[in-house]
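Let's take a short walk through one stretch of a chain, going residue by residue. Have the coordinates open as you read.

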Amino acid sequence: QVQLVESGGGLVQAGGSLRLSCAPSGRTFSFYSMGWFRQAPGKERELVADINWSAGRTYYIDSVKGRFTISRDNAKNTVYLQMNSLKPEDTAIYYCAARNNYYTPYNYWGQGTQVTVSS
């Protein structure tokens, strides 16, 4: 069973930065893509950004374009989310996720890490 382990959340003031990291534990796995979702209180979970593992193609939700950057380290099998110019509305639990191919939904999940941005 693959488990995704996240780190890097915390409390930061508006305008600050945080970097989230995520790597699978246990056996090494080759994913089609990995991504970061978030869920704020009272809201549905949304895909924030994802990256195709082999080609490096990226996707961002409009609200984070120009502020967040998703990247991967193939050697470490790790995906990162660099979050700059954070806003209070970015406050949420952030989840790392992975999927095996384009046609399947994200089916591997991390436990979530809290990001809180104070105004």
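Predicted model: local features only at pLDDT ≥ 70, side-chain atom pairs only at ≥ 80, totals over all residues.

Residues are numbered from 1 along each chain as its sequence is written, and side-chain values use heavy atoms, with hydrogens and water left out.

Start at Asn-77, in the loop between strand E7 (68-73) and strand E8 (78-83). Strands here are DSSP runs of at least two residues, numbered from the N terminus. The phi of Asn-77 is near 55 degrees, a positive value in a residue other than glycine. Asn-77 counts as buried because its relative accessibility is 14%; buried means under 20% relative accessible area, exposed over 50%, and partly exposed in between, with a 1.4 Å probe and protein chains only.

Now on to Thr-78, which sits in strand E8. Thr-78 is buried too, with a relative accessible area of 9%. So what does Thr-78 touch, leaving aside neighbours within four places in sequence? Its contacts (heavy atoms within 4.5 Å) are Ser-21, Cys-22, Ala-23, Trp-53, Ser-71, Arg-72 and Asp-73. The Thr-78 side chain also reaches the backbone oxygen of Lys-76 at 2.9 Å.

Finally, move to the loop between E8 and strand E9 (92-99), where you'll find Ser-85. Ser-85 has a phi near 50 degrees, a positive value in a residue other than glycine. Ser-85 is partly exposed, at 41% relative accessible area.

Terms used. Helix = DSSP H or I, 4+ residues; strand = E, 2+ residues; numbered from the N terminus. Polar contact = N/O pair within 3.5 Å; in protein donor to acceptor, adjacent residues only side chain to side chain.
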